[in-house]
Amino acid sequence: MLCLLLSVGVALPGVAAPPEPPLTFHAAFEGSVDALSRGEGAPVTVEGPVEFRAGRLGQALVCGDGAATLRYATEGVLRATSGSVEMWVCPLDWTGQEDEFHVFLEARDPGWLVFYRYYQGGILTLLGADPATYRAAAGLRIDWKPGEWHHLAGTWRAKRLEVYIDGARAGVVNDPPLPERLAETFRLGDDPWHVQREPAKHTLIDEVKLYSVPLNAEAIAAAARGEAFTYTPEVVLDLTVDPEAGELHVACDAAGVVGELGTGRRARVELTPEAGGGPLAQAEISDFPRDMGETTLAVGEVPEGAYRVQATLLDAAGGVVAEASAPFTKPGPPVWSGNTLGMEDEVLPPWTPLKTGPAPGIVECWGREYEFSAFPDKIRSGGADLLASPVALEAVLGESAVPMRGAQPKVEQAGETRCVLTASGKFAASLTASVRQEIEYDGFVWTDLTVDAGYGAPLDELRLTWTMPAAQATLFHADQLKWIGNPAGALKPEGWSSEWTHFVWVGNEDRGLAWFAESPRNWVASAEKPAIEVKPEGDVVRVTLRLIAKQTDLQGRREYAFGMMATPARPRPADARRWRMAAAPRATFEIIWPNANMKWYGYPEPIDGPAFAERVKAAHEKGVQVVPYVNLNYCSGGAPEWLYYRSRWASDPPRDVLPSDVAQMGHASMGVCPANRDWQDFILYRINEAIEKYGIDGIYIDCWCPYPCQAPPCGWTDAEGKAQPTRPLRAYREIIRRVYALCRETRPTPLLMVHMSSEVVIPMLSFTDTLLDGEQFRSAALKDDYLEFLPPDMFRAEFLGRNYGPVEFYLPEFGDEHKQAGSPNLAAYLLLHDVSAWLIWCDPAPFLRLHDTLDPLGIAEAEFLPYWKGSGASTDAQVLASAYVAEGGVVLAVMNTGEATEAKLVLDLERLKLAGLAGGTDLLRDEALAAEGNTLIVPLARHQGRVIQVR
């Protein structure tokens with residue numbers, strides 16, 4: 001096998017010999033910008049002044065704002081199909097906590113290869129066919145110190161991108177879109193994109209090396225230690241199966257070791273039993289276009305069992321160049337297909353059966369009432385009207401808005417689980433519409449709208465609009481797939497608008513109204529008018545959805561589909577404050593993470609069945625429910641069923657994630673689409689097995705985002721003939737409803753938890769008991785102060801729980817160095833909103849102290865008086881105070897949202913059921929607080945929180 005020892009030493013001045021393969025480029029910056037290169041070593045252009053300073057080895061190049069940017073020739077140096085970049089980087093005046101880009105290497109147009117620091121995250125390796133078609137391997141947000149050196153590396157090949165920081169792999173992504181070729185030049189430096197860096201930022205770059213092959217993890221770790229490493233040629237195998245044809249497709253990624261870099265090479269591929277024995281199938285690959293070779297092995301008649309696929313890359317003389325193997329399991333037949341687990345048509349607790357009447361169009365469900373003509377005329381939640389005017393469909397002609405007229409609802413189906421109403425009407429003789437509304441028992445309403453323009457109707461707009469009482473529309477939340485940037489908070493006087501997005505909710509701290517859709521199919525966008533607009537108008541708030549936003553000559557029929565849902569979607573359990581996640585004292589449920597517990601990530605089968613059964617039994621004896629982590633829209637790449645049946649299940653575009661905890665288990669999590677019935681049947685079957693074998697009480701569902709998919713039945717074709725995706729909200733809703741139903745059929749006290757940070761898409765969340773939110777702040781420059789990123793209005797709009805339905809839990813994201821300082825204030829902030837925490841990524845001590853003190857007071861049964869409703873504790877506007885009136889006394893959660901102050905909390909003794917006021921004690925700090933009459937004196941540092949037991 002060919003091996004090559006690569007040196008990490010300094011390039012010698014005056015030595016012009018090209019580097020030895022696979023090294024193609026080495027810029028040491030020893031007083032010169034010239035590089036040792038297998039192409040042109042001198043830069044094509046130099047922008048900015050060239051300056052050298054002391055480097056990681058010898059000297060380094062100063063880069064950044066106003067400093068040097070170098071462009072070198074790509075030919076002979078960078079390959080589109082495979083390669084590696086490594087360099088040493090030293091920030092001079094930045095840390096990585098700033099929201100700023102640092103682009104170290106880029107080749108763009110044609111193709112796109114870039115190695116950079118994302119402005120709100122870590123180091124990325126990105127490869128794409130063009131700036132609109134790419135994938136990126138990303139590391140977590142970095143926090144560096146100026147003057148410290150860090151080793152960075154990135155690798156790319158047809159099947160994988162990787163990024164490394166200080167020798168450790170920080171991110172991986174599969175199947176990047178390979179460019180046909182790369183730009184004629186690439187640049188080195190530290191340049192920003194989009195976000196202007198103020199003040200200017202500068203970086204030292206040293207020992208930049210490029211390779212024609214993707215280096216492996218061991219080589220990169222050695223380079224980060226400053227050691228020479230041995231390069232060994234590698235090939236990577238990717239297996240897919242056509243179960244109907246009984247064929248195993250083998251793709252052999254021979255990045256950088258075939259073609260012009262290794263002529264005459266071929267690969268021998270064999271399928272052998274894991275237990276030993278000769279090959280059961282074999283083939284040869286002699287053609288490697290763009291470094292990729294493929295072949296097919298017949299496996300239809302191969303018995304069930306464990307096998308290995310072995311690939312041996314041979315040179316022209318038959319010598320072994322590289323070897324690779326991959327496991328392959330032939331599973332049994334799909335016994336799960338067509339099962340009906342969780343599909344019973346029945347009303348599940350805690351909901352009540354639907355009621356219709358007395359007039360057509362009136363439908364009642366738990367806590368809410370809808371009254372329809374064609375669209376809802378009235379919607380009530382908790383006895384309060386959510387509509388100030390009916391939902392209306394309007395055709396706009398010039399300055400005139402013509403509403404759909406003549407619609408009278410007809411009841412097509414009236415049952416306890418769902419009702420169907422239809423109606424039709426017209427705008428003008430040539431423009432008519434028909435509407436079908438389906439209402440389900442949890443308050444979910446789905447609308448199918450058909451607009452018929454006959455031979456033509458010129459329109460300026462077609463819009464859906466309604467108004468809400470201003471008091472019921474103070475907050476909003478939308479999912480724009482921005483992770484940390486998703487809108488949530490108080491509705492400002494100027495309102496909020498957006499291009500098409502699939503979910504928006506408008507409401508207050510008690511209730512609200514959500515609108516959602518799966519795709520913008522048949523919507524017509526305009527650069528001048530937003531698709532979605534929420535705007536205060538005096539004592540009402542107007543919501544406008546522009547299905548057609550610009551002049552359009554409407555011809556024939558157009559169909560639209562969308563949904564509405566009043567919230568909260570379910571009642572808050574009376575004992576919600578008793579719900580507690582292990583390892584908190586008096587825990588009520590425990591999440592079982594896959595690592596060291598389950599065979600594959602997100603898959604409901606333990607490594608050690610008997611031991612897992614004992615663990616569940618022991619937890620139940622303590623009154624703790626056991627909830628293992630199970631994915632409903634991902635499948636581990638290691639699961640045998642994935643390899644064999646993934647052609648049925650995989651999402652399009654493909655999704656794969658490989659964060660560190662997933663990577664520890666050896667396989668990426670691969671995206672599946674819940675709209676695929678066979679996937680639903682499979683995962684329900686496996687969850688049911690886990691319930692029957694081990695008595696689990698539910699599942700923890702991660703990554704519950706409505707990912708776009710264009711695989712059947714999701715995809716659709718736009719007016720230009722391009723395939724477009726759907727965000728299959730109803731399919732996500734159906735699969736979790738089936739799991740919810742299954743757990744309630746089989747367990748006495750089941751529990752489901754969904755993690756869906758930044759995206760509280762309520763139609764997908766009715767059928768979960770609990771909701772976990774907060775991970776998005778891992779991508780922020782969070783230190784010890786959540787108020788910098790999570791103001792109270794945002795908390796009430798997204799994290800409160802009670803205005804949506806599921807019980808909310810908060811996921812802290814403190815770094816180790818900030819846990820102790822930040823956790824007490826977070827504990828007070830969560831108690832201010834009556835929300836519990838999962839005690840990870842924080843200092844649990846202040847939370848545990850509150851549990852131990854407040855539980856005996858009867859906090860679980862206490863009356864909660866929130867600050868937004870008048871808690872009985874009034875003070876300055878910058879200080880918020882919520883009260884808990886319990887049998888054992890009164891507790892105040894206090895938060896200072898401004899600078900340091902001495903707050904005077906004037907207590908309404910009657911409202912708080914207090915006979916008098918002697919003082920208080922800060923339970924987080926064991927600090928006594930004085931009182932003057934009915935006023936509590938509370939010193940508060942900037943953004944400080946206190947939890948006060950009133951004496």
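This report describes selected local features of a predicted model.

## Aromatic pairs

The structure contains 59 aromatic pairs. One of them is formed by Tyr601 and Tyr629, whose ring centres lie 5.0 Å apart with the planes at 70°, so the pair is edge-to-face. The two tyrosines are 28 residues apart and link distant parts of the chain. Tyr601 belongs to the loop between β48 (589–592) and α2 (609–621), while Tyr629 belongs to the loop between β49 (625–628) and β50 (634–636). Tyr601 is buried because its relative accessibility is 4%, under the cut-off of 20%. Tyr629 is buried as well, with a relative accessibility of 2%.

Ring pairs also join a set of residues into a cluster. Its members are Tyr307, Phe328, Trp336, Trp600, Tyr603, Tyr644, Tyr645, Trp649, Trp679 and Phe682.

## Charges over rings

The charged end of Arg655 is over the ring of Tyr634, at 4.7 Å from the ring centre. For Arg778, the ring is that of Trp841, and the distance from the charged end to the ring centre is 4.9 Å.

## Cysteines

A disulfide is a covalent bond between the sulfur atoms of two cysteines. The count of disulfides in this model is 0.

Two cysteines illustrate the distances involved. For Cys703, the closest cysteine sulfur is that of Cys705, at 8.8 Å, which is too far for a bond because the cut-off is 2.5 Å. Cys703 is partly exposed, with a relative accessible area of 26%. For Cys743, the closest cysteine sulfur belongs to Cys635 and is 18 Å away, again too far for a bond. Cys743 is buried, and its relative accessible area is 1%.

## The β11–β12 hairpin

Strand β11 covers residues 123–130 and strand β12 covers residues 133–138. The two strands run antiparallel and are joined by 6 bridges. A hairpin connects β11 to β12 through 2 residues. Across the pair, Leu127 stands opposite Arg135 in β12.

## Pro403 in β32

Pro403 is part of strand β32, which spans residues 400–403. Its relative accessibility is 34%, so Pro403 counts as partly exposed.

Apart from neighbours within four places in sequence, Pro403 is in contact with Leu393, Glu394, Lys426 and Phe427.

## Helix α8

Helix α8 runs over residues 819–832 and has 14 residues. From its first C-alpha to its last, α8 reaches 19 Å, close to the 20 Å expected at 1.5 Å a residue.

The helix is mostly covered, with 12 of its 14 residues buried. Among the buried residues of α8 are Lys819, Gly822, Ser823, Pro824, Asn825 and Tyr829. Leu826, Ala827, Ala828, Leu830, Leu831 and Leu832 are buried too. Just after α8, Asp834 adopts a positive phi of about 60°.

Notes
Residues numbered from 1 in each chain as written. Predicted model: local features only at pLDDT ≥ 70, side-chain atom pairs only at ≥ 80, totals over all residues. Heavy atoms only, no water. Helix = DSSP H or I, 4+ residues; strand = E, 2+ residues; numbered from the N terminus. Buried < 20%, exposed > 50% of the residue type's maximum accessible area, 1.4 Å probe, protein only. Contact = heavy atoms within 4.5 Å. Phe/Tyr/Trp six-rings, centres within 6.5 Å; stacked < 30°, edge-to-face > 60°. Lys NZ or Arg CZ within 6 Å of the ring centre and 35° of its normal. Pairing = 2+ DSSP bridges. Expected span 1.5 Å × (residues − 1).
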